[in-house]
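Student: I would like a close look at a single part of this protein. Please keep the answer connected.

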Amino acid sequence: MTLTIKEKIEQLRDIIRYHDRRYYLENNPEITDFAYDQLVQELQNLEKTHPYLITADSPTQRVGGEPLIQFSTINHKIPMLSIDNTYSDKELREFDQRIKRMAGIDMHRDIEYVVELKIDGVAITLWYEKGLFVHGATRGDGFKGDDVTANLRTVRQIPLKLEPPDRRQKIPSVLEVRGEIYLTNNEFQRLNEDREEAGEPQFANPRNAAAGTLKLLDPRITAKRRLSIFPYAIGYFEELELATHKDCLKLLQGFGLPVNPHTRLCKNIDEVIQHCNTWDKRRSELDYMIDGMVVKVNSLALRDQLGATSKAPRWAISYKYQPEQATTKLEEIEMQVGKTGTITPVANLTPVLLAGTTVSRATLHNFDEIRRKDIRAGDYVVVQKAGEIIPQVVSVLKEKRDGTESVFCEPEICPECKSTVRKDGVYLRCHNPLCLSQAKRRIQYFASRQAMDIEGFGPALVEQLVDKGFLKDYADIYYLTFDDLVNLERMGEKSSSNVMHAIEESKNRDFDRLICALGISNVGFHTAEVLANHFDSLDTLATATQEELEEIYEIGPVVAKSIVDFFRNEHTRDIIEKLKAARVNTRKLARQTSTNNPKVAGRSFVITGTLQKYSRNEAEALIRKSGGRIISSVSKKTDYLVVGDDPGSKLDKARELNVHILDEEAFENMIQNSKE
Ligand SMILES: [Zn+2]
């Protein structure tokens, strides 16, 4: 039985939604990001040829449309009020007593509260009509906010269509969901690393980064930064019977929205206080920032009775945690050289206790930041810790200066190799390919978990091995001997043989990990996956031209140039020869090819003319599905030209270059064989 296009599209959408849920709600993805992107791409191709089948809830609507000129404004149906703050247990008890007094409740009776983590993000509202996501806005001034619908669509945790958990649950005609948009600490770090490499200023904290991302006029950029959401309330609604806040959250959860798992129903104010204090200690366990807890009356009837002031509801209060800050002396400003030569300033501090750990170093971001805050060596500074992220210098206590502080001068030479540095955006960069600091960072990155994953091969070991001259580049790792390791500090026989074993094991890593590990500028894990899918070996990648690379979906001119420059470098060629000689895997492993049709997998195809049975996009999707690649123009490296009616000049070119030519029938045979 063959599916109609409409059925095919719906089937694909269901598959994509299923994977969205696995990824974002259950935190348990089944497929790689790359495979996911391919599904979306396939759907996009089908929709492009059948635009009348595009619906507002299709997952393709997430990838980001055309950039906007400016945001329009949306009026909130119910104002988005702020919440009053408290800072102590005493104030929480006063809040509880105030409520009882106002509502005429006996002081000895308990009131039920729901306590939620106060996510340090950006408040937004989502408007659903008949279950479909219609628009979303920022809080703005509380009465009207910016229409950021296009950006919110890119957030994969936000369902574009509400799915009731069972058939008895009716979809309300209108439902307004309120929540907090945030970035995980992980994603924040990734984003800042990318910015550092691109010479752009880093974001100070995850909240600024989330707010900046939500206000981007180009949703395609928003789509690349993975924003997350925790819904925390229902605003306006129709046709629902809800008695408590807990009911509201349960409903949202049922509709596929990711309600925070640490939300708790407390029987009375004592339990509330206990829960707040517990999370003050536990907050560093989370992969996102919280700045306190929010306490809400559970009963919606009691809420109505209490009402609101002009600024804040009387039935909710936030319990703010003390910011994790400390004051200490900045002893010296040190220069750190990154793996691509970026030089960043780091503050060496007099050790101070901050959020449970002793801190002796803090990031200063970049040189503009030092100038802007007028940070000097010898200053007393306020340092702050943001979750798992290294602490940062927030401000300078200028009144504590005594004249011995020294004004900071930007270095003109690399602190490690002494070669002249050049300005690159807000950063300075050392361009010496033989710089030892860069080598250390590159080797560390190569061995790191996201790259070749060599267990036990940490920064301290790399430092020693480079200083002793055992390692000049990462390929040398594969030529280390047990004797090299065993005499090092903190190394012993057991750990040396463990490291030797881990090195040996890393020779069989997948091709995409190797590409990532090479440390090519602008090529992170995701781009490495894209490249690994397109090329079958390091040799073919190394000889790819700028044009060939740019033809790959998702590879732009900047990335393409980085790749070509990297492989053109003579030093790179030596390293690759060494890796190969050590039998490090440089090829795509069999299981990495999507479908096992040897005729199609890994081959490149160009299509010209009109096919009878397939649209252009369908034909492309079929080729991709079997592991083949689509190229837009014919070259010597093209494996097949598929020819339909009225072919263009590509046919002449293919004949000239002796490229295999397939008519529609031959193409169909080839593709169909791949289905078995
Ligand atoms: Zn240098």
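Student: Which helices each supply at least two residues of the lining of the largest cavity?

Tutor: This is a predicted model. Helix H1 (5-25) and helix H2 (33-49) each supply at least two residues of that lining. H1 gives the most, with three residues. The structure holds one cavity of 30 Å³ or more, and the volume of the largest cavity is about 50 Å³. Its lining is made up of His19, Arg22, Tyr23, Pro29, Glu30, Ile31, Thr32, Asp33, Tyr36 and Arg156. Sorted by class, these are four nonpolar, two polar and four charged residues.

For the setting, the domain assignment lists six entries, among them domain 1 (5-62) and domain 2 (85-320).

The next element to look at is a sheet. Five strands form an open sheet in the order S2-S11-S10-S3-S9, and the pairing is mixed. Strand S2 (85-86) and strand S9 (264-266) stand at the edges with a single partner strand each, so one side of each has no neighbour in the sheet. S9 pairs with strand S3 (residues 113-119) in the antiparallel sense over three bridges, and Val115 stands opposite Arg264 in S9. Helix H3 (residues 89-103) packs on this sheet, touching S2, S3, strand S10 (290-297) and strand S11 (316-320). The direction of H3 makes about 175° with that of S11. Helix H8 (residues 245-254) lies across S3, S9 and S10, and runs at about 55° to S3.

How values were computed:
Residues are numbered from 1 along each chain as its sequence is written. This is a predicted model: local features need pLDDT of at least 70, side-chain atom pairs count only at pLDDT 80 or more; totals for chains, interfaces and linings use all residues. Side-chain values use heavy atoms; hydrogens and water are left out. Domain bounds come from an automatic or database domain assignment. On a 1 Å grid over the protein atoms alone, a cavity is a set of points where a 1.4 Å probe fits but cannot get out, and a pocket is an open set with protein on both sides within 12 Å along at least five of seven lines; lining residues have an atom within 4 Å of a point. Grid points are joined across faces, edges and corners, and a volume is the space filled by probe spheres set on the points. Helices (H or I, at least four residues) and strands (E, at least two) are DSSP runs, numbered from the N terminus. Ala, Val, Leu, Ile, Met, Phe, Trp, Tyr, Cys and Pro count as nonpolar, Asp, Glu, Lys and Arg as charged, and the others, Gly among them, as polar. Two strands pair if DSSP finds at least two bridges between them. Contact means heavy atoms within 4.5 Å. Axes are lines fitted to C-alpha atoms, for helices over the stretch in contact, and angles run from 0 to 180 degrees between N-to-C directions.
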